[in-house]
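Dear colleague,

Please find below the structure that I am handing over to you. My findings follow it, and I should be grateful if you would read them alongside the coordinates.

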Amino acid sequence: MKQLGFPYAIISPVGEGIITKVQDTGGLIDLRTVKEQLLYEVHNPREYITPDVVADFTTVQLEEIKENQILVKGGSGKERPHSLKVSVGYHAGYLGEGEISYAGTGALERAQLSKEILYERLSPHFDHLRVDIIGISSIHRKQFNESEPYEVRVRAAGRHRQKMYAERIGHEVESLYLNGPAAGGGARKHVTDSIGIISTLIARNKVKSKVEFLET
Amino acid sequence: MKLYEIAHSRAGDKGNIVNLSLIPFKEKDYDYLYHNVTAAVVKEHLKDIVEGEVVRYELANIRAFNFVCYDSLLGGVTTSLALDAHGKCLSSALLELEVEK
């Protein structure tokens, strides 16, 4: 996987395509990877809305014609939508983060104690606050099986209109060095602007597209 | 047996919605998944992650399923506080589902 060949498509005038990649590169183009990509970020596969067509992927046929070559054909669709989707950015405040690690015997218990301390001290000031233990439940928000980690990392994240409060997340986590469970280490903190995106529709005739060529 | 032994999945995100494809490694297992991995089963399995409904779409043409899970990204990728804001790791959550064999 160190040298993945990026996929490309060779498209014929009749609307069939061959998905492939440069020979002798890493990676794999097979029915599995092509099926995953066909459904990526799709909701209703009968009506995948794009600016040019409302596509229907339930008529697509896939065939492996050679190693790392998949033939795609049979896709269909309906008339393109009357409106275009527009994504609008808005300033959503500041994201503050802080992390600290614990290792060895009792690491998880110490991390859980840190989590309690951080919630108690920070939740009065934040509508949006999360404290997770990386290594336990930061990714699926729960565990689907039981396993005991050797080391864990506590991560606190909060969003606030005022940067000063977002910075407080990191300060509280750093404070755990001296005002928290034993042997916490490797604390880091970070604040970024939080830009939210919401989507809405715009009438097609309000959008004028143009292409500019820059020559050197 | 877990679902990851007989199928693969990829997570995609749009706003506060995650879509999880479910594709059997062997096409003959499509019928088994059709009857045993329904939208209700997936909703129950992911109930601590997905707050809204789960809708299943079937693509018999490529022997695959697409589960659309509403309200599952803590408000949406751009303002989520989760470490995995896009929910790209949620495909492995789906594949933890216990199945008979």
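Two strands are taken to pair if DSSP finds at least two bridges between them. Strand β4 (residues 54-56) of chain A meets this criterion with β7(A), to which three bridges join it in an antiparallel arrangement. Please note that the model is a predicted one.

**The sheet in chain A**

Within this pairing, A:Asp56 lies opposite A:Ser76 of β7(A). The two strands belong to an open sheet of three strands, whose order in chain A is β3-β4-β7 and whose pairing is antiparallel. The edges are taken by β3 (48-49) and β7 (76-78) of chain A; each has a single partner strand, so one side of each is left without a neighbour in the sheet.

**Helix α3 of chain A**

Helix α3 of chain A comprises 13 residues, 163-175; at 1.5 Å a residue it should span 18 Å, and the 19 Å between its end C-alpha atoms agrees with this. Its buried residues are A:Ala166, A:Ile169, A:Gly170, A:Glu172 and A:Val173. An α-helix has 3.6 residues a turn, so residues three or four places apart point the same way. The elements of chain A that cover the buried residues of α3(A) include α2 (107-122) together with the strands β8 (83-103), β9 (128-134), β10 (151-160) and β11 (185-203). A:Glu172, one of the buried residues of the helix, also takes part in a network of salt bridges with A:Arg121 and A:Arg168.

**Salt bridges**

Side chains of opposite charge can pair when their charged atoms come close. Over all chains, a search of the whole structure finds 16 salt bridges. I describe some of them here.

- In chain A, the side chains of A:Lys210 and A:Glu212 form a salt bridge, at 3.6 Å from N to O. A:Lys210 is exposed, at 69% relative accessible area, and A:Glu212 is likewise exposed, at 58%.
- In chain B, the side chains of B:Lys2 and B:Glu98 meet at 4.0 Å, N to O. This pair links distant parts of the chain, 96 residues apart: B:Lys2 is in the segment before β1 (7-8) of chain B, and B:Glu98 is in the segment after α3 (90-94) of chain B. B:Lys2 is buried, with a relative accessible area of 13%, whereas B:Glu98 is exposed, with 54%.
- Also in chain B, B:Glu44 and B:Lys47 form a salt bridge in which the closest N and O atoms are 3.0 Å apart. B:Lys47 counts as partly exposed at 47% relative accessibility, as does B:Glu44 at 48%.

Yours sincerely

Technical notes
Residues are numbered from 1 along each chain as its sequence is written. Chains are lettered from A and ligands numbered from 1 in the order in which they are written. This is a predicted model: local features need pLDDT of at least 70, side-chain atom pairs count only at pLDDT 80 or more; totals for chains, interfaces and linings use all residues. Side-chain values use heavy atoms; hydrogens and water are left out. Helices (H or I, at least four residues) and strands (E, at least two) are DSSP runs, numbered from the N terminus. The expected span of a helix is 1.5 Å times one less than its number of residues. Buried means under 20% relative accessible area, exposed over 50%, partly exposed in between (1.4 Å probe, protein chains only). Contact means heavy atoms within 4.5 Å.
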